[in-house]
Amino acid sequence: MGTNVDLSVRIGTNVFANPVGVASGTFGYGGEYGGLVDFSDIGAIYTKAVTLEPRGGNPAPRLVETPSGILNSIGLANVGVEKFISDKLPFLKSLPCAVVVNVAGSTEDEYLRVIERLESVDASDVNGNGTVSTVNLSGLLRRFAPRNDRHCERSEAIQIIDNGSIDTGGVNNNGSGVFGYEINVSCPNVNHGGLAFGTDPAQIERLTSSLRRLTKKPLIIKLTPNVTDIATIAKAAESGGADAVSLINTLVGMVIDVKTRKPVLGAKTGGLSGPAVRPVGVALTYRVKRAVSIPVIGMGGITCADDALQYILAGASAVQIGTANFINPRTAGLVSAGIREYCVNNGVSSLKDICGIVE
Amino acid sequence: MEPPTQFTSRMIANGQIAEGFYELSLAWEPGVAPIPAPGQFLTVRIGSGAVPLLRRPFAFAGFDAASSVVTIIYQKRGAGTELLSAKRAGEPIDVIGPLGTPFAVRDTRIDTDNNVVYNKYAACINPQKHIIAAGGIGVGPMLFLASSLKARGIPARFVFGCRNQSFIPSVKTFADANPQICTDDGGAGFRGTVADYVNANMSLDINTTVYACGPLPMLRSVNEIARTAGAKCLVSLEAVMACGVGACMGCAVPVAGGGYSRVCKEGPVFDGKDILWERM
């Protein structure tokens, strides 16, 4: 049996070579994991949410471990779009994986202005030949020069060249650094984090169509499970012109310390993620797949290839790894390798052939 | 700062050193993992199941360059550390480190006698007096700091406090630090807290640096005493962490002047003056 398996996924005008990404909020702006992952193993980095102005985030504590999960209340802490462009984007653009910028806002205008700003940078930055700029990554990446380490068998994809910068081997994000945008209309942790949009089909459709007019890049609308009928919301995103929907964002939860009789988290409630929510994510992926014809990107509690395959069989065209990055930063690479192995072992030549085949 | 490494280490020893306190030593991968400095930490994956789900962070309690062995000192206080305490020598353990900003600015040279050479400590440029204050399980990173200062010929006073004498660690590095012991019940050493002892028995001035790690009330008091005397106070903080590398913003603490800093990245060592203590 051949080992050629087509794992590519088309999202609007663009194509993921590898369907396994790392979810927004769990991988920072990429550089935080320098030295710990081989970025060529990752299909896409979905950045920490970017807002128009910097945000400090919610009061501490922001995290608590729960049964098979974690509850977080970060509150969209981020550097803001200007600092993102000046400090974070150059590194992200140098990586041999797709970069999807996650965008959040309090008002429709804020979303539009962030996308406008990011588009203006891209327009001035396309170098037209499909190459990407390199930055000096010697400190971060030299660990992945081939060596005798079982974790790094596939490290040859990043080639260290002698001046310490990297050659990304022609892999690029359409020559402009940003593959597309994931629109966070589903953060449960801030009063003005877009959840107002994410729970109202009319607002979702209007926001999506406004954003659509600003960019030709893939627009992925990230949905919340904290609604009565997620399919209605997904359809609204599709009607507005979204290229894909991604789901699920976290489920609202609370943990109370019975000694102090107070919520453990500074913001009282938080968003639940991790293996505990996986069955919810799989079920909602199954439901949404049957409601829309655009691709569904599934996430929620994926820790291994079998978990990801559940999402794919339910209807996900691509997946994201979230909480599991905290357990093992290399999870995305292991999951995509495992998906490939599953396909080879089961005579599947293209991942599309098994997407949503569960009846 | 060199980026951290993830590798499979091997447990060398894991034994009880006080009531509920354990010392674990594990092999550090020479040439692969950067040399840890006092104040830095590692994370370990304990077990392979859902409990505990997240990796657990532990401050380095020592590093022996000759044998390339690191130690941590931890307290059994939850499901994760319960599992960890049951692990035995020879078992593999998934490690990421070194992480965080250390007390020291590090020079990763190892000299001809296999000693790790540290260059200037951020806080040690002028002060003549160094006080290391450790409370309870906060003793780990303080022992590493004490041995590093000693190796550089910098004299320091080591003050350790705990509830009663059953919590006094029986390890050589502790004895080597020549500690002033304080117990809440007076069963050993000074009766009272570390902060009480420092306040009553030590003269602090602008030429003093106090290094502190321990429970939040202790850090708050020690910082207050040091700052009132015009001394510098460097504290090593503890927080629940998810990523440990600065990505998730989960371990953030409020800082003076507004906003938050990450315990895992800007910390765990902070200048006490930079922490917004009233919101901790």
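Reply: The centres of domain 1 and domain 2 of chain B, taken over C-alpha atoms, are 21 Å apart. The model is predicted. Domain 1 covers 5-99 and domain 2 covers 121-279 of chain B.

Start with the contact itself. On one side are 23 residues of domain 1 of chain B; on the other, 24 residues of domain 2 of chain B. Strands β1 (5-18), β2 (21-27), β3 (41-45), β4 (56-64), β5 (69-75) and β6 (92-99) of chain B each give two or more residues to the domain 1 side. β4(B) has the largest share of that side, with 6 residues. By class, the domain 1 side that touches domain 2 of chain B holds 16 nonpolar, 4 polar and 3 charged residues.

Next, the core. The largest nonpolar core has 187 residues. Within this core, A:Ile220, A:Val245, B:Ala133 and B:Val222 have the most contacts. Both domain 1 (5-99) and domain 2 (121-279) of chain B contribute residues to this core, so the core lies between them. In soluble globular proteins, nonpolar side chains tend to be buried together.

Helix α2 of chain B, residues 139-151, gives the most to this core: 7 residues. α2(B) is mostly covered, with 10 of its 13 residues buried. The buried set is B:Val139, B:Gly140, B:Pro141, B:Met142, B:Leu143, B:Phe144, B:Leu145, B:Ala146, B:Ser148 and B:Leu149. The geometry agrees too. At 1.5 Å a residue, the 13 residues of α2(B) should span 18 Å, and its end C-alpha atoms are 18 Å apart. After α2(B) comes B:Gly153, with a positive phi near 75 degrees.

Now chain A. One of the core residues with the most contacts is A:Ile220. Beyond four places in sequence, A:Ile220 is in contact with residues including A:Ile11, A:Val100, A:Tyr181, A:Ile183, A:Val245 and A:Ile297. A:Val245 is itself among the core residues with the most contacts.

A:Met299 sits in strand β17 of chain A, residues 296-299. A:Met299 counts as buried because it has 30 C-beta neighbours inside 10 Å. Leaving out residues up to four places away in sequence, A:Met299 touches A:Ala23, A:Ser246, A:Ile248, A:Gly281, A:Val319, A:Gln320 and A:Gly322. A:Ser246 is also a contact of A:Ile220.

Then the contact between chains. 27 residues of chain B are in contact with 32 residues of chain A. On the chain B side, β1 and β15 (252-254) give two or more residues. β15(B) gives the most, with 3 residues. The chain B side divides into 18 nonpolar, 6 polar and 3 charged residues. β1(B) also gives two or more residues to the side of domain 1 that touches domain 2 of chain B.

Last, confidence. Chain B has a mean pLDDT of 90, and 91% of its residues reach 70 or more. Two stretches of chain B stay under 50. One is residues 105-110, with 16 contacts beyond four places in sequence in the model. The other is residues 117-126, with 24 such contacts. For the complex, the predictor gives an ipTM of 0.91 and a pTM of 0.89.

Notes. Residues are numbered from 1 along each chain as its sequence is written. Chains are lettered from A and ligands numbered from 1 in the order in which they are written. This is a predicted model: local features need pLDDT of at least 70, side-chain atom pairs count only at pLDDT 80 or more; totals for chains, interfaces and linings use all residues. Domain bounds come from an automatic or database domain assignment. Two residues are in contact if their C-beta atoms, placed from the backbone, lie within 7 Å. Helices (H or I, at least four residues) and strands (E, at least two) are DSSP runs, numbered from the N terminus. Ala, Val, Leu, Ile, Met, Phe, Trp, Tyr, Cys and Pro count as nonpolar, Asp, Glu, Lys and Arg as charged, and the others, Gly among them, as polar. A nonpolar core is a set of buried Ala, Val, Leu, Ile, Met, Phe, Trp, Tyr and Cys residues joined through C-beta atoms within 7 Å. A residue is buried if 20 or more other C-beta atoms lie within 10 Å of its own, exposed if 12 or fewer, and partly exposed in between; C-beta atoms are placed from the backbone. pLDDT is the predictor's confidence in each residue, from 0 to 100. The expected span of a helix is 1.5 Å times one less than its number of residues.
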